[in-house]
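Here is a short note to read beside the model. Please keep the structure open as you go through the points.

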Amino acid sequence: MSQVFSILIGAALVNNLLLSLPLAADVLRSARVQALGPASALLIAMAAPLAWLLQPLNLQALQLLVFLPLLAALAWLSLQLLARLRPALAQPGLWPLLLGNGGALGVMLLSQPLNGFAQALALGVGGGLGFWLALQLFADLLDRVEQCDVPTPFRGVPIMLVSAGLMGLALLGFNGLGAA
C-alpha cells in the first residue's frame, strides 16, 4: 500500500508530467485552463489503468498504434463526462488539445512496467492531479507576469521559461518524499 501512495505522490509532485517530464505544455489561458485542467486530469486518470490492462497483449511494437486511437476515444469520453458533471466548464475546441496531450500518452507508456492495477491507477490519478495543478499554477503565473513590469529583454517567452524552470526546481524539493 505504501508503494501505491509513493507512486501517487511521485506522479503528482516529483515526476510532474508537465514540469519534470515536459510532456504536455498546452495553451495556458484562464478560461481554457478551467476546463482543460479537469478534462486532462480525467483523461490521464483513465489512460494509465487502461494501458496497464492492455499489458498482457504484449504490444511492445504496436503500443503507439494502439494507444493513439484509445487516447482519441478517452479524450472524447472525458469531455463528455466533464460536460455532464460540470456543464459550465464545457468549451468547444478542447478535443484537439486533449488529443495532443503528451502527458496522457506518456502516462500510458509509464504504466506498462507497473506491478498492479492499483499502482497504475495511482499513477494516473497522481499524474492527472499534478498536471491539473501545474496548468493552474502556470495560468496564474501568466496572469501575474502580464500585470507586472518585466524588463524588456525578459518579456514574453524568456520570463515564462525562467518561471517554469523555477517552478520545476521547487517541485524537485519533493524528490525524496516517500523514499524508504
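1. Is Phe117 buried, partly exposed or exposed? Phe117 is partly exposed, with a relative accessible area of 36%. Buried means under 20% relative accessible area, exposed over 50%, and partly exposed in between (1.4 Å probe, protein chains only).

2. This is a predicted model: local features need pLDDT of at least 70, side-chain atom pairs count only at pLDDT 80 or more, and totals for chains, interfaces and linings use all residues. Residues are numbered from 1 along each chain as its sequence is written, and side-chain values use heavy atoms, with hydrogens and water left out.

3. Phe117 sits in helix H6. Helices are DSSP runs (H or I, at least four residues), numbered from the N terminus. Leaving aside neighbours within four places in sequence, Phe117 is in contact (heavy atoms within 4.5 Å) with Pro49, Trp52 and Leu53. Leu53 is 64 residues from Phe117 in sequence, yet 7.6 Å away in space, C-alpha to C-alpha.

4. Helix H6 (residues 117-147) also meets helix H7 (residues 157-172): their axes come within 11 Å and cross at roughly 140 degrees. Axes are lines fitted to C-alpha atoms over the stretch in contact, and angles run from 0 to 180 degrees between N-to-C directions. H6 and H7 are therefore oblique to each other. Angles under 35 degrees count as roughly parallel, over 145 as roughly antiparallel, 65 to 115 as roughly perpendicular and the rest as oblique.

5. What makes the contact between H6 and H7? H6 gives Leu137, Phe138, Leu141, Leu142 and Val145; H7 gives Ile159, Met160, Ser163, Ala164 and Met167.

Key: Helices (H or I, at least four residues) and strands (E, at least two) are DSSP runs, numbered from the N terminus.
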